[in-house]
Amino acid sequence: MSDPITGPAFIPLAASGSDNRFQEAALNVLAKRQSMIASNIANADTPQYKAVDIDFAEALHTALNNVQRKPVELNLTANSHIPAHGSPAPIGQTLLYHQPYQAAVDGNTVEMDVERAKFSENSIRYEFAVQQVGSDFKEMMQMLTSLT
């Protein structure tokens, strides 16, 4: 396995004939990671802020395992409440704290070059996952239209 912060990783394609649980989980994890990286960038000037990230492979594995868990249900305390059915948290994240190459005087560990690189890489992975889901739906639509 590669370094979770800087090393290369990939999104394997779901097996032929399987449902889209994998793509859904990958999109959820990538969206969460993108949010974390954006938060790091937004806090680049905040004293004592510690840059965080997640291990994509571990988070994806956790998200895939969470699919089989019971959905989240809310307690209804009044008759006018609408029941909500949600899915479990997409990732059980273990935060990884970035060790800066050069320490800042104010204790902030955000390094903009590193965060920009992670943001770009994650954006490309997210776009790839979206294209995969789109092509799956396109194939289904072509198959369904050919049947009629």
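**The core and its helices**

Mentor: Val29, Ile54, Phe56 and Leu60 have the most contacts inside the largest nonpolar core, which has 15 residues. A nonpolar core here is a set of buried Ala, Val, Leu, Ile, Met, Phe, Trp, Tyr and Cys residues joined through side-chain atoms within 4.5 Å. Buried means under 20% relative accessible area, exposed means over 50%, and partly exposed is in between (1.4 Å probe, protein chains only). Helix H1 (21-42), helix H2 (56-66) and helix H3 (112-147) are the elements that give two or more residues to this core. H1 supplies the largest share, 7 residues. Helices (H or I, at least four residues) and strands (E, at least two) are DSSP runs, numbered from the N terminus.

Keep in mind that this is a predicted model, where local features need pLDDT of at least 70 and side-chain atom pairs count only at pLDDT 80 or more, while totals for chains, interfaces and linings use all residues. Residues are numbered from 1 along each chain as its sequence is written, and side-chain values use heavy atoms, with hydrogens and water left out.

Now to H1. Its 22 residues should span 32 Å at 1.5 Å a residue, and the end C-alpha atoms are 31 Å apart, which agrees; the expected span is 1.5 Å times one less than the number of residues. In soluble globular proteins, nonpolar side chains tend to be buried together.

H3 has 36 residues and reaches 52 Å from its first C-alpha to its last, close to the 52 Å expected at 1.5 Å a residue. Among its buried residues are Val114, Glu115, Lys118, Arg125, Ala129 and Val133. The cover over the buried residues of H3 includes H1, strand E1 (52-53) and H2.

Two H3 residues deserve a stop. Arg125 lies over the face of Phe56, 5.7 Å from the ring centre; a charge counts as over a ring if NZ of Lys or CZ of Arg is within 6 Å of the ring centre and within 35 degrees of the ring normal. Phe128 is also found in helix H3, and it counts as partly exposed because its relative accessibility is 35%. Phe128 and Leu27 are 101 residues apart in sequence, yet 9.6 Å apart in space, C-alpha to C-alpha.

Stepping back, the protein has 3 helices and 4 strands, running α-β-α-β-β-β-α from the N terminus on. Among contacts between residues at least 6 apart in sequence, 75% join residues at least 24 apart. Buried residues make up 30% of the 148 residues in the protein.

Notes: Contact = heavy atoms within 4.5 Å.
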